[in-house]
Amino acid sequence: MAATVAPPAAPPPTSATIRSLTAAGNHAAALRALSSLSASSAQLDHFALPPAIKSAAALRDARAARSLHAAALRRALLHRPSPAVGNALLTAYARCGDLDAALALFAATPTELRDAVSYNSLISALCLFRQWERALDALRDMLAEGRHDVSSFTLVSVLLACSHLPGDDGRRLGREAHAFALKRGFLDEGRERFPFNALLSMYARLGLVDDAQSLFRTTAAAFSPGGGDVVTWNTMISLLVQGGRCAEAVEVLYDMVSLGVRPDGVTFASALPACSRLEMLALGREMHAVVLKDADLAANSFVASALVDMYAGNEKVANARRVFDMVPEPGRQLGMWNAMICGYAQAGMDEEALDLFSRMEAEAGCAPSETTMSGVLPACARSEGFAGKEAMHGYVVKRGMAGNRFVQNALMDMYARLGEMDVARRIFAMIDPRDVVSWNTLITGCVVQGHVAEAFQLVTEMQLPSPSPSSSSSSSSTEEGEAHRCMPNNITLMTLLPGCAALAAPARGKEIHGYAVRHALESDIAVGSALVDMYAKCGCLAASRAVFDRLPRRNVITWNVLIMAYGMHGLGDEAVALFDEMAAGGEATPNEVTFIAALAACSHSGLVDRGLELFHGMERDHGVKPTPDLHACVVDVLGRAGRLDEAYSIITSMEPGEQQVSAWSSLLGACRLHRNVELGEVAAERLFELEPGEASHYVLLCNIYSAAGMWDKSVAVRARMRRQGVAKEPGCSWIELDGAIHRFMAGESSHPASAEVHEHMDALWERMRREGYAPDTSCVLHDVDEDEKAAMLRYHSEKLAIAFGLLRAPPGAAIRVAKNLRVCNDCHEAAKFMSRMVGREIVLRDVRRFHHFRDGSCSCGDYW
DNA sequence: AATCCTGGCC
């Protein structure tokens, strides 16, 4: 190779040269060959032009298409001797993104010069631009002319168009097209499979999986001399998987293989997602083994992505990463990065997801797509240490991805989690059309941020027609709005129910329960678990248990919720019995939260030994390692029982790096209960270091000092609070009557019936004092005289709410009141007293648990 | 004919 030898002059190209270059996919060479032909005009004929035009289309080269159009016009070759050149140009313009040019070309063709291919090209061009109705109009024109034969080519486009028509139109026309294809013999034995496969796909897109399956069952045999067409099998597998019928998809896969059809990349890419959804790790691994034997398959990025997804979906993120790492860098396609990033994010491995995200572009030059963003945004929303949240929003906007619904939904969620509801609402307002996820995301944000009324308002709005921002400007607003209505689904209900639980609003919760029953959602595990939780937190333990017992299946969360429910209601023995039942049953495996629930139940009921037993057997018998929260629970069990030294030694035995805030708070609470100033001071000082801005720590220490009569120290703590700028959350109690929430706060009269309530409280108070009630003034933080202390206690928010309930609740009904903080000693005693005095059951829910007051005593037996 | 995506019960 020392000297460069001039290549021999190429022979002049002919139309045959161009045809073969185009056929070989060598489009650039085909166009070059044509332009050298144009020089010697004689050869530029109606044989040479169509393949060249096809090459221009394949290259999406609009300029080449236009210049070929001009050349054809100059030589009058557009429609003569055949429409072939014009037809090819029509397709080329469409492929280059210029539908108007394609339509103009068709319109300019005299009717008598059009052939069937002209119409086929027009129909498929319209399909390319998703103009489904116009495509079917073109078909009608074609049939009306009466001289064109519908070919398999026509049929495939028409089936595609039918499958995208909204509502019943698509189904009706699709079935008509099916009947037509049968009548015309398109589905006969030995015919090409395109129409058959297209019919399958059409039924898939219309969601008519059963029609697809019966077509497949009755006709596939006719095509299967050697097992049949792999495309048919693949179509069937993927449509079953997409229809959520994964078990059937796996059966089809087995049938296919046993008939001797060799699976290809598409087969694996279609079937692997079934393995993640069915948690069929074994089958997934088998497929992986087959893939590894074939270098082509192993290098197929679709297959590799599906493998990554399969492993990640089966909680084998490390295996997923191994598949990812096995594909060498240049071959790593976008889909693989996306699958791996999403796999990490869905496993909650947010740091890893963010790390890969930052590396994909920087190291591999792979630009993130909308899918990447919707996958990584949840990770970035959750990751507390990640400072670039708003920057991600900017990035999305800069890359032009801010109009993608998935991305918008994920962004909205991120801002809702940040507490920036206004930004979330603004993004929501721009989403068009909104889907059920858009609504659910905003609703969840509202519930989490405490805007429960707004959440319920949104549930009403989502079901109305034309909620989308575009439909006001559009002429066919009702029809379009109809299509954009969203029905609340299991997620919607599940996210609303904690809102009802937080408000202690059982009437609202029952409405949701009713909706769930009407829409066959009450047997959904997540909805069921949320219902069990809601009823329990609204004080209706019997209803909670009834829902639990009626569920067809329960998971670990369902069980945890019920155990917690019994614990909250002071029924520790029942809670522990449920734990034993769960551990013995095998329906669900106890996890960390199960032990938190069981230990909390033991703590509230004074089951110290049972609690310690559970704690010590936890890791040995159930593989649950002690976490900071579990340590805090045992501290609570011991501390509440007055075994403060043992509680203290649990904390000192914790690992140095372990988060000790909750353990110290439990100890501080126990010190207040048992009036231990010395240890309380130790705990409080540690907490002031760890969480200097948390008001409840200061308040507890104040309580300890006040109860001990150490007013100077109490005053000093309150001064320290003020210096630190820490404010106590105001106490607030509320009661639900006739579906409305009535809120009361101490020293405030915003409720319309406030004056009446205060008056009634005064009357009750007077009567209580007469009948021997002695206020417990030890929980008043202010150093004032006893009378003033008593006056302050009289208007505590929970007392006001109870007084309101006594005034307005139906006679004889239990008074159910909820409070945002812990119930104070005096309110506890007063409620006991009142329950006997007025002969009413009073149910008081505080942040942790329930107090059922009946006939002068409390369900918690004063152990709280 | 295909993979990767958003909302979640303690």
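Which side chains meet in a salt bridge at 2.8 Å, N to O? They are those of Asp826 and Lys799. A salt bridge here is a side-chain nitrogen of Lys or Arg within 4 Å of a carboxyl oxygen of Asp or Glu. Asp826 lies in helix α46 (residues 825–837) and Lys799 in helix α45 (residues 797–808), so the bridge ties together parts that are 27 residues apart in sequence. Helices are DSSP runs (H or I, at least four residues), as strands are (E, at least two), and both are numbered from the N terminus. Asp826 counts as buried because its relative accessibility is 0%, and Lys799 counts as buried at 2%. Buried means under 20% relative accessible area, exposed over 50%, and partly exposed in between, with a 1.4 Å probe and protein chains only.

Before I continue, a word on the basis of these values. This is a predicted model, in which local features need pLDDT of at least 70 and side-chain atom pairs count only at pLDDT 80 or more, while totals for chains, interfaces and linings use all residues. Residues are numbered from 1 along each chain as its sequence is written, chains are lettered from A and ligands numbered from 1 in the order in which they are written, and side-chain values use heavy atoms, with hydrogens and water left out.

Let me stay with the salt bridges. A search of the whole structure finds 38 of them. Two join residues within one helix. In α31 (residues 525–537), Asp533 and Lys537 lie four residues apart, about one turn of the helix, and their closest N and O atoms are 3.3 Å apart. Asp533 is buried, with a relative accessible area of 18%, whereas Lys537 is partly exposed at 27%. In helix α24, Asp413 and Arg417 are likewise four residues apart, and so are separated by about one helical turn. Their closest N and O atoms are 3.0 Å apart, and Arg417 counts as partly exposed at 48% relative accessibility.

A pocket is defined on a 1 Å grid over the protein atoms alone, as an open set of points where a 1.4 Å probe fits, with protein on both sides within 12 Å along at least five of seven lines; lining residues have an atom within 4 Å of a point. About 680 Å³ of space lies in this second largest pocket, the volume being the space filled by probe spheres set on grid points that are joined across faces, edges and corners. Of the 27 residues that line the pocket, the closest to its centre are Ser374, Pro378, Asn409, Ala410 and Val437. Helix α22 gives the largest share of the lining, seven residues. By class, the lining has ten nonpolar, eleven polar and six charged residues. Here Ala, Val, Leu, Ile, Met, Phe, Trp, Tyr, Cys and Pro count as nonpolar, Asp, Glu, Lys and Arg as charged, and the others, Gly among them, as polar.

I turn now to the aromatic rings. Rings of Phe, Tyr and Trp (its six-membered ring) pair if their centres lie within 6.5 Å; planes under 30 degrees apart count as stacked, over 60 as edge-to-face and the rest as tilted. By this rule the count comes to twelve aromatic pairs. Phe106 and Tyr119 have ring centres 5.3 Å apart and planes at 70 degrees, so this pair is edge-to-face. Phe106 belongs to helix α6 (residues 99–108) and Tyr119 to helix α7 (residues 116–128), 13 residues apart, and both are buried. Phe579 and Phe595 are also edge-to-face, at 5.1 Å centre to centre and 65 degrees between the planes. Phe579 lies in helix α34 (residues 572–585) and Phe595 in helix α35 (residues 592–605), so the pair ties together parts 16 residues apart in sequence.

Finally, the backbone. Most residues other than glycine have a negative phi, and most peptide bonds are trans. The bond from Arg80 to Pro81, however, is cis, with omega near 5 degrees, and Pro81 sits in the loop between α4 (62–74) and α5 (84–95). The bond from Asp432 to Pro433 is cis too, with omega near -5 degrees. Arg130 is not a glycine, yet has a positive phi of about 60 degrees; this residue counts as exposed at 55% relative accessibility.
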